[in-house]
Each structure stands twice: as structure tokens, then as C-alpha cells.
Amino acid sequence: MKKKFVIFLNGEYKYSQEFMDRLVSEETICFCADGGANFAFQYGKVPEMIIGDLDSIEKKVLEYYKSKNVLIKKFPRDKDFTDFELILEEINKISGNKDFVEKIFVVGGLGNRLDMTLSNLFLMEKYKNIVFLLEDEEIFYAEKSFVLKNKKNFEFSIVPISKNVEKLTLKGFKFETDGIDVKRESSRLVSNVICENEASIEFESGKLIVILKNKNLFIKKFWRF
């Protein structure tokens with residue numbers, strides 16, 4: 001059975017308790033990157049593991065999770081990887097089989113530090129099942145065609161991260177395209193809107209960061225994780 005993972009990073013947190021309770025169910029496997037544990041603690045969530053140099057986690061939080069027998073892996077402050085990537089590698093190790101991991105949802109992965117935000121986002125190219133979550137947005141990576149269902153009226157943007165995106169066709173959007181080539185430096189694919197219950201994104205080659213924004217905050221009860 002595929003598992004859902006949630007990673008708490010030490011970025012910006014503007015999530016409601018309702019959102020977090022829906023995201024983190026009893027079946028969810030949670031990890032915290034150092035100071036991300038402070039936020040997991042605030043939301044009443046107990047992770048499987050905390051990873052980092054432990055310079056950001058509050059003492060009371062660390063002691064609490066120790067009392068809950070949470071596995072804690074301490075690393076030197078000077079290392080060749082961010083705490084986030086260390087967690088992603090840990091998930092790869094424990095899963096053994098990539099099919100075991102359905103999605104890796106990340107909270108607190110954006111904001112505060114621009115360098116960390118950009119680094120976090122570009123890790124999606126290596127770990128392709130990452131989804132960054134804000135309360136009303138999700139960000140994911142794509143390098144092949146895909147279909148979005150039940151996202152009508154969502155705002156939709158594409159940020160190319162490859163030099164070119166070739167033969168891009170968008171159907172079911174306010175602004176549709178038919179087999180166009182788009183360069184990385186183009187802003188043409190920002191601020192579109194999904195107009196149908198099923199929208200398709202087809203392209204022959206390219207690497208994309210996709211941003212979906214739910215403008216209708218009253219339908220938060222339809223979060224699907």
C-alpha cells in the first residue's frame with residue numbers, strides 16, 4: 001500500500017488547525033527538519049523522525065518528542081545537504097521501493113529565506129513526487145503530460161525550468177494553447193484560470209513547476225490529500 005508523507009520544514013506557517021488536521025491523519029508518516037518540529041508541536045502532531053543539527057528546535061519541544069520516543073537524527077551543522085534533502089534521502093531508504101511513496105507533502109517549505117525557498121523548489125526535479133502546500137496553493141513538478149480534475153476556477157501558472165517547453169497544448173483553460181514552444185524566460189504561462197472540470201496539459205518535452213491556487217476559500221472542506 002502506498003504511503004503519504006508529510007514534511008515539516010522551518011519556513012513560513014499560515015495554516016489553520018483544520019487544514020493541518022485534514023493533512024495529517026493517523027496513516028500519515030511525518031518527518032520534521034529541525035525547527036520544523038516547533039511547528040509540528042504547535043499543531044499537535046507527532047513525527048516519526050526529526051532530522052537536523054538541532055540548533056533551531058526549542059528545548060521543550062525536543063524533550064517532549066524524546067518522551068514520545070520520536071527518532072532523532074542529529075547531523076553536523078556543516079554538511080553538504082540541507083535538512084530537507086536529508087529527510088528526502090531518509091524516505092528513499094525506508095521506502096525501499098519508490099512505488100511505496102504516493103506523495104510527499106511539504107509544509108513550511110516556502111518563505112523566510114529566498115535561498116532556501118529556491119533550493120527547496122528545485123529539489124522537485126530530483127524527488128519528483130514532492131508537493132509544496134500553502135493553505136490555498138499547491139506547487140508540484142511535471143516533466144510529462146497530465147490532467148487536472150475537479151479544479152475548475154483554480155488559478156493556474158506554469159514556470160518552465162528547462163530551456164524550452166516544446167509543443168505545449170492547454171485545454172480547459174481561460175487561455176488555451178495549441179502546440180506552442182515556450183522558452184524558460186517567457187512569462188506567458190503565468191496567471192491562467194481553469195475553466196472546465198477536466199483540464200489537460202500536454203507537451204512533448206520540458207520541465208515545469210506548476211502552481212495551483214484555490215481562489216474560493218469557502219471550499220476548503222474539499223481539500224484532497
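The questions and answers below go through the chain as a whole and then some of its residues.

Visitor: What kind of model is this, and how many helices and strands are in the protein chain?

Guide: This is a predicted model. The protein chain has five helices and 14 strands.

Visitor: Why is the protein chain called as compact as a globular protein of its length?

Guide: The globule rule gives 17 Å for 225 residues, and the radius of gyration of the protein chain is 18 Å, close to that value, so the chain is called as compact as a globular protein of that length. Along its principal axes, the C-alpha trace spans about 55 × 40 × 35 Å.

Visitor: What else describes the chain as a whole, in terms of burial, contacts, surface and charge?

Guide: Of the 225 residues, 48% are buried. Taking contacts between residues at least 6 apart in sequence, 65% join residues at least 24 apart. The chain has 37 positive and 36 negative charges, and their mean positions are 2 Å apart.

Visitor: Why is Asn 153 called partly exposed?

Guide: The relative accessible area of Asn 153 is 36%. Buried means under 20% and exposed means over 50%, with partly exposed in between. The value for Asn 153 falls in between, so this residue is partly exposed. Asn 153 lies in the loop between strand E8 (146–149) and strand E9 (155–160). Its phi is near 80 degrees, a positive value in a residue other than glycine.

Visitor: What makes Ser 191 count as exposed?

Guide: Ser 191 has 52% relative accessibility. The cut-off for exposed is over 50%, so Ser 191 counts as exposed. Ser 191 is in the loop between strand E11 (177–183) and strand E12 (192–193). Here too phi is positive in a residue other than glycine, with a value near 65 degrees.

Visitor: How do you know that Pro 160 is buried?

Guide: Pro 160 has 6% relative accessibility, and buried means under 20%, so Pro 160 counts as buried. This proline is in strand E9. Not counting residues up to four places away in sequence, Pro 160 touches Val 165, Val 182, Lys 183, Arg 184, Leu 189, Lys 207 and Leu 208.

Visitor: Why is Ala 142 called buried?

Guide: The relative accessibility of Ala 142 is 7%, which is under the 20% cut-off, so Ala 142 is called buried. Ala 142 lies in strand E7 (residues 137–142). Among the residues that Ala 142 touches are Phe 203, Gly 206 and Val 210. Leu 208 is 66 residues away from Ala 142 in sequence, but their C-alpha atoms are 5.2 Å apart.

Visitor: What makes Thr 177 count as buried?

Guide: Thr 177 has 11% relative accessibility, and the limit for buried is under 20%, so Thr 177 counts as buried. Thr 177 is in strand E11. Leaving aside neighbours within four places in sequence, Thr 177 is in contact with Leu 168, Thr 169, Leu 170 and Arg 188. Ser 95, 82 residues from Thr 177 in sequence, is 39 Å from Thr 177, C-alpha to C-alpha.

Visitor: Which feature does UniProt place at residues 143–209?

Guide: The UniProt record, an unreviewed entry, places the feature "domain: Thiamin pyrophosphokinase thiamin-binding" there. In the model, the span is 0% helix and 51% strand, and its end C-alpha atoms lie 9 Å apart.

How values were computed: Residues are numbered from 1 along each chain as its sequence is written. This is a predicted model: local features need pLDDT of at least 70, side-chain atom pairs count only at pLDDT 80 or more; totals for chains, interfaces and linings use all residues. Side-chain values use heavy atoms; hydrogens and water are left out. Helices (H or I, at least four residues) and strands (E, at least two) are DSSP runs, numbered from the N terminus. The radius of gyration is taken over C-alpha atoms; the globule rule is 2.2 Å times the number of residues to the power 0.38. Buried means under 20% relative accessible area, exposed over 50%, partly exposed in between (1.4 Å probe, protein chains only). Contact means heavy atoms within 4.5 Å. Lys and Arg count as positive and Asp and Glu as negative; His and the chain ends are not counted. The place of a charge is taken as NZ of Lys, CZ of Arg, CG of Asp or CD of Glu. UniProt positions are given in the numbering used here, feature names are shortened, and annotations may be inferred rather than shown by experiment.
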